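Take a walk through this structure, one part at a time. Keep the sequence and the 3D view side by side.

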Amino acid sequence: FIQMLRSAKKRDVLQLLRKAPEEMRPFLVEAAVATQSVASLAALSDFLDFSKEPNSLLEKFLYTAAFSPRPSGELLHLVLDKLDGKQLAPETWETGIVAMGSLVGKLCQQKLCGLQVVQRAVETILKGLRSAKEEPEVVIYLLALGNAMLPETIPTLLDHAEDGPTAVTAAATSALQRFPVSYISSKVKRVMRRIFHQKKKSYDKTCRLATAEILLHNHPSPMDVINILLATSEMETETATFLLLKVQNSLRDHHHLARNVMKDIMGDPRINNYNFFSKVGISSSFSGPLTVTQDLISNFGLDLLFLEGGFLRKSISEFSLLSHGQRLHAAQVTFEAQGMESMMGENLSEGEEEPELMAGMSATFFDVQLRPIIFFQGYTDLMAKVLLSSGEPTSVVKGNLLLMDHHQVIPLQSGLQVTVKLQGGLGLDVSADLDVSIWDQELKTSVNARGSLTMDFQAELDSPFLQAYLRSQTEVETSIHFDTMLRFSSSPVLMCLQLREEQVPYR
């Protein structure tokens with residue numbers, strides 16, 4: 001369909017979008033964005049009216065733009081124009097800002113950072129961040145900077161990480177976690193140490209753990225590792241258990257940058273002893289391979305951080321791909337519940353502010369952070385959701401994405417030319433659900449991910465006296481279901497985890 005649209009005129013694309021049945025429009029919008037021809041982008045500009053269109057179609061357009069493998073400056077220009085000065089629904093505005101960050105990051109990877117439209121988009125994000133008054137607004141701009149991954153924005157992220165309230169600190173450290181090792185400088189590490197060791201003020205446990213991970217995952221010094229391990233002796237049982245398991249995981253991971261440093265430290269009996277590693281919390285951190293081939297390692301990771309009373313504070317399930325030294329976060333889904341301490345009758349740590357009651361979820365796919373989803377915020381909202389729950393899972397992302405689009409002409413020594421085309425498309429449907437039962441004292445979370453990958457490879461040799469043609473098509477379908485169930489009506493807390501991977505047809 002994309003190949004067909006590439007040769008279409010603007011009026012044809014526009015007519016197709018306007019006359020198509022409603023259920024077909026999202027697919028046509030995805031294809032028009034993936035085509036990125038001048039005609040298709042002009043047709044989209046005329047067709048999409050951000051003041052009238054249903055939010056679902058606008059979000060579809062913005063997410064498809066964010067996932068474009070090689071976006072053009074014209075696509076970013078279209079997104080900026082559609083967002084500029086419009087009164088938008090909050091969800092559409094949030095999706096637009098994180099999509100803008102993703103487009104900036106991908107254009108800079110193509111060495112197109114100097115484009116005027118890229119500079120305008122970066123200024124829009126930074127200006128919005130400076131003028132944002134509400135906490136959720138600040139968080140969205142920080143997530144956009146995380147998608148952009150521009151080295152010049154690191155000082156801004158550090159300021160917000162150290163001085164912001166909990167949600168802002170969490171968003172800024174999460175953005176910093178995504179930067180490559182080469183950008184985690186000594187200045188970044190100094191700020192991370194100050195947050196972890198709480199030099200300025202008390203920080204939420206999840207923020208401290210995030211800074212510890214940044215220090216441990218980016219060529220840590222032996223002193224950093226020792227200080228982090230020593231700090232666990234003063235932490236609550238669950239936080240200490242979680243952090244110690246993180247350290248043990250990195251020892252098992254042969255590709256971990258800190259493995260050798262940690263092995264040396266573990267040779268010291270003053271550190272590697274029963275007193276340190278006998279924490280008996282129920283928090284856990286696990287990572288291990290799902291698939292290992294000569295060229296690719298596919299990893300599954302699961303982090304579960306509990307409160308002292310046994311309530312789940314944060315869970316992260318992650319699927320990542322490692323190939324020839326390059327790591328891709330294929331999918332990461334995070335559930336977070338805060339403010340449950342008061343409901344459970346727990347005491348807060350000294351100096352720690354009482355967070356608002358909230359449960360939400362955030363997801364990252366193919367290194368693009370999506371806008372967070374809030375299940376409930378505040379006690380009144382919780383009760384309303386419990387009483388009026390539809391039982392329907394929340395859709396996180398659904399649609400078709402063009403992952404690869406490569407066209408190359410290769411001159412041969414004989415003087416002939418070979419034309420190579422490679423396209424890869426992904427159909428993705430991810431939904432998630434969080435169900436809290438106050439009466440049964442149960443918490444259930446479930447993530448359902450279905451995907452189908454299709455790849456089309458063509459090589460053609462065309463000359464006046466010889467024609468040769470090679471074509472290969474590959475299709476893979478898979479679905480993964482990850483469920484957690486917690487029953488905290490008794491002690492110890494009962495926990496059931498289930499990861500189901502259905503049969504993978506490969507054609």
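Strands S9 and S10 pair in the antiparallel sense, over 20 bridges. S10 covers residues 442–462. This is a predicted model. To find the pairing in the view, look for aspartate 435, which stands opposite lysine 444 in S10.

Now look at the next partner of S10. Strand S11, residues 467–487, pairs with S10 over 21 bridges. This pairing too is antiparallel. Leucine 443 faces leucine 486 of S11 across it. The two strands, S10 and S11, form a hairpin, with four residues between them.

On the side of S9, turn to strand S8. S8 is joined to S9, residues 417–437, by 16 bridges. S8 and S9 run antiparallel. Here serine 395 stands opposite serine 431 in S9.

Aspartate 429 sits in strand S9. Is aspartate 429 buried or exposed? Its relative accessibility is 19%, so aspartate 429 counts as buried. The cut-off for buried is under 20%. Leaving out residues up to four places away in sequence, aspartate 429 touches Val397, Lys398, Asn448, Ala449 and Arg450.

The second residue is glutamate 460, in strand S10. Its relative accessible area is 34%, so glutamate 460 is partly exposed. Neighbours within four places in sequence aside, glutamate 460 is in contact with Gln417, Val418, Thr419, Ala468 and Tyr469. Glutamate 460 and valine 409 are 51 residues apart in sequence. In space, their C-alpha atoms are 9.6 Å apart.

Strand S2 spans residues 297–306. Strand S1, residues 284–292, is joined to S2 by eight bridges. S1 and S2 run antiparallel. Serine 287 has glycine 301 of S2 as its bridge partner. A hairpin of four residues joins S1 to S2.

S2 also pairs with strand S3, residues 312–323. How many bridges join S2 to S3? There are 10, and these strands run antiparallel. Aspartate 303 stands opposite isoleucine 316 in S3. S2 and S3 form a hairpin as well, with five residues between them. In its turn, glycine 310 has a positive phi of about 100°.

How covered is S2? Of its 10 residues, 10 are buried. In a regular strand, side chains alternate between the two faces of the sheet. On S2, both faces are covered. One side carries Ile297, Asn299, Gly301, Asp303 and Leu305, and these are all buried.

Last come the helices. Two packed helices are described by the angle between their axes and by the distance between the axes. Take H3 (residues 25–35) and H5 (residues 55–66). They pack at an angle of about 30°, with their axes 9 Å apart. That angle makes H3 roughly parallel to H5. H3 passes H5 in a right-handed crossing. On the H3 side, the contact is made by Arg25, Pro26, Val29, Glu30 and Val33. On the H5 side, it is made by Leu57, Lys60, Phe61, Thr64 and Ala65. By class, this contact of H3 with H5 has six nonpolar, one polar and three charged residues.

A further helix pair is H7 (residues 90–109) and H9 (residues 135–148). Their packing angle is about 25°, and their axes are 6 Å apart. H7 and H9 are therefore roughly parallel to each other. Their crossing is right-handed. H7 brings Trp93, Glu94, Ile97, Val98, Gly101, Ser102, Val104 and Gly105 to the contact. H9 meets them with Glu137, Ile140, Tyr141, Leu143, Ala144, Asn147 and Ala148. By class, the contact of H7 with H9 has nine nonpolar, four polar and two charged residues.

Key: Residues numbered from 1 in each chain as written. Predicted model: local features only at pLDDT ≥ 70, side-chain atom pairs only at ≥ 80, totals over all residues. Heavy atoms only, no water. Axes fitted to C-alpha atoms, helices over the stretch in contact; angles between N-to-C directions. Parallel < 35°, antiparallel > 145°, perpendicular 65-115°, else oblique. Left-handed = near helix turned anticlockwise from the far one by under 90°. Contact = heavy atoms within 4.5 Å. Nonpolar A, V, L, I, M, F, W, Y, C, P; charged D, E, K, R; others polar. Buried < 20%, exposed > 50% of the residue type's maximum accessible area, 1.4 Å probe, protein only. Pairing = 2+ DSSP bridges.
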